[in-house]
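Here is a briefing for a first look at this structure. Read it with the sequence and the model side by side.

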Amino acid sequence: MTRDLRAARTGAVLTFVLAGLLCGSMTVRIPALSDKLGLSEASVGATLLVWGLGALVTMQSMRGVMTRFGSRSILRVAAPLTAITLALLAVAPSFPLVLAASGLFGMAFGAVDVAMNAQGSAVERAYGRPLMNGMHAGWCVGAISAGLLGTAAIAAGLSITVHLTLVALLALPVAALVSRSYLPDPVTGVGRPGKERPARRRMPPVVYLLGVIAFCAFMVEGTVADWNGLYLRNVLGAPEALAALGYPVFEAGMLAGRLTGDRVRARFGARGMMVASGLATAATFGVVLTAPTAPIAVSAMLFVGMAVATVSPMAMSLAGGATGDPGPAIAQTGAMGYAGLLLGPVIIGFLSDLVTLRVGLGIAVVLGVLIAVAAWFLPRSRAIAVPLETPRRELSMAA
């Protein structure tokens with residue numbers, strides 16, 4: 001195993017950490033953003049809708065962009081832009097400017113999400129064994145850090161503007177340093193003179209089925225990230241500092257699930273894991289919605305995170321292994337997945353206005369069942385074939 005390969009794996013994990021930190025920092029301060037501008041739940045839903053729309057627009061265009069530029073080049077541009085647009089969101093003084101900044105943040109983040117999953121697939125292929133759950137564990141580390149830093153910022157009396165601006169300034173040099181470790185995409189030799197990518201082909205049906213599964217999983221994750229704080233504070237009466245802890249507790253469960261997920265997948269197969277994860281997600285989120293007190297609901301978030309943790313990483317990994325070129329397949333699955341983030345906030349926001357937030361969040365229970373049903377139709381083999389077509393001698397080119 002070469003030093004470049006080990007560095008590439010570390011760099012991919014750190015990219016997920018950075019993405020989780022940036023995205024999580026925004027989500028844990030949603031109550032503060034609501035208070036700062038006097039936003040209703042519907043307005044918060046509209047802000048999150050614009051964020052999701054920006055991410056979805058970018059991800060829908062990424063099939064062609066990934067084909068031309070590859071994950072390494074995209075990450076070197078999009079990761080710093082994500083930090084910059086987070087700072088713009090932090091300083092926005094009015095609701096219309098918040099919407100604009102949220103859209104730009106979503107567009108930059110959408111590019112990072114597709115590219116970092118494609119980079120993770122490139123590393124996974126080079127190693128020749130499942131690694132994607134471990135990559136996504138890095139996201140959990142970043143999101144947990146975001147929640148803990150958010151709680152500390154609230155306790156210290158830092159405004160949302162100061163807090164998010166400091167996070168963005170910290171992220172910029174880290175993104176530049178990590179970008180030096182990325183691998184070229186496998187198979188097609190992105191960035192290597194004299195080599196061209198194959199003609200674009202129609203995606204196999206399993207990629208779209210995985211997209212449906214990713215849609216449900218991302219919607220569950222987004223439901224917790226975007227509405228958990230308001231649910232704990234407004235429905236269960238938790239103080240803001242306790243409400244902010246719900247998300248990092250959820251991510252701690254995600255971290256535990258993902259750190260063990262690759263080994264469990266190798267033992268039982270992706271299909272069985274996804275079916276079990278969907279049913280467990282429905283059951284554990286039902287506990288959250290019926291909890292009589294905020295501390296019980298926060299504790300239950302740990303098990304929700306453990307239940308749903310491996311669904312989206314496995315969907316991305318299997319999509320990347322379903323074709324010879326992982327980037328476009330991951331972009332397709334990711335775009336379908338992020339449609340869940342697009343629809344989830346607006347549906348829950350308007351349902352909350354029409355009935356109650358508790359009823360709106362009940363969608364997550366239904367989504368867990370849908371994950372199990374869709375996963376039942378996946379191939380029964382333990383994994384979709386992953387063509388290991390990145391020659392070891394080419395890894396030294398990842399500078």
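Which residues of α11 are buried? They are Val311, Ser312, Pro313, Met314, Ala315, Met316, Ser317, Leu318, Ala319, Gly320 and Gly321. Buried means under 20% relative accessible area, exposed means over 50%, and partly exposed lies in between (1.4 Å probe, protein chains only). Helix α11 spans residues 311-321 and is mostly covered, with 11 of its 11 residues buried.

This is a predicted model, in which local features need pLDDT of at least 70 and side-chain atom pairs count only at pLDDT 80 or more, while totals for chains, interfaces and linings use all residues. Residues are numbered from 1 along each chain as its sequence is written, and side-chain values use heavy atoms, with hydrogens and water left out.

**Overall build**

- The chain has 14 helices and zero strands. Helices (H or I, at least four residues) and strands (E, at least two) are DSSP runs, numbered from the N terminus.
- From the N terminus on, the order of elements is α-α-α-α-α-α-α-α-α-α-α-α-α-α.
- The chain holds 399 residues, and 60% of them are buried.
- Among contacts in the chain with a separation of 6 or more, 87% join residues 24 or more positions apart. A contact means heavy atoms within 4.5 Å.

**Largest cavity**

- Eight cavities of 30 Å³ or more are counted. On a 1 Å grid over the protein atoms alone, a cavity is a set of points where a 1.4 Å probe fits but cannot get out; lining residues have an atom within 4 Å of a point.
- The largest cavity contains about 230 Å³ of space. Grid points are joined across faces, edges and corners, and a volume is the space filled by probe spheres set on the points.
- Its lining has 22 residues, and Trp139, Phe218, Glu221, Tyr338 and Leu341 are the closest to its centre.
- Six helices each supply at least two residues of this lining: α1 (3-28), α4 (95-127), α5 (132-155), α7 (205-235), α8 (240-268) and α12 (326-354).
- The largest share of the lining, five residues, comes from α7.
- By type, the lining of the largest cavity has 13 nonpolar, four polar and five charged residues. Ala, Val, Leu, Ile, Met, Phe, Trp, Tyr, Cys and Pro count as nonpolar, Asp, Glu, Lys and Arg as charged, and the others, Gly among them, as polar.

**Second largest cavity**

- The second largest cavity has a volume of about 110 Å³.
- Its lining has 15 residues, with Thr27, Val28, Pro31, Gly229 and Ala243 nearest its centre.
- Helices α1, α2 (30-37), α7 and α8 each supply at least two of the lining residues.
- Here α7 gives the most, with six residues.
- The lining of the second largest cavity divides into 10 nonpolar, three polar and two charged residues.

**Aromatic pairs**

- Three aromatic pairs are counted. Rings of Phe, Tyr and Trp (its six-membered ring) pair if their centres lie within 6.5 Å; planes under 30 degrees apart count as stacked, over 60 as edge-to-face and the rest as tilted.
- Tryptophan 51 and phenylalanine 105 form a tilted pair, at 6.5 Å centre to centre with 45° between the planes.
- That pair links distant parts of the chain: tryptophan 51 lies in helix α3 (residues 41-91) and phenylalanine 105 in helix α4, 54 residues apart.
- Tryptophan 51 is buried at 6% relative accessible area, and phenylalanine 105 is buried at 0%.
- Phenylalanine 109 and tryptophan 139 form another tilted pair, at 5.7 Å and 55°.
- This pair also links distant parts of the chain: phenylalanine 109 is in helix α4 and tryptophan 139 in helix α5, 30 residues apart.
- Both phenylalanine 109 and tryptophan 139 are buried.
- Trp51, Phe105, Phe109 and Trp139 form one aromatic cluster.

**A buried loop residue**

- Methionine 203 sits in the loop between α6 (160-178) and α7.
- Methionine 203 counts as buried because its relative accessible area is 8%.
- Beyond its neighbours within four places in sequence, methionine 203 is in contact with Arg63, Tyr208, Thr323, Pro328 and Ala329.
- Methionine 203 and proline 328 are 125 residues apart in sequence, and 8.7 Å apart C-alpha to C-alpha.

**Cysteines**

- The structure holds zero disulfides. A disulfide is a pair of cysteine sulfur atoms within 2.5 Å.
- Cysteine 23 is buried at 7% relative accessibility, and cysteine 140 is buried at 0%.

Terms used: 1 Å grid on protein atoms, 1.4 Å probe; cavity = no way out; pocket = protein on both sides within 12 Å on 5 of 7 lines; lining within 4 Å.
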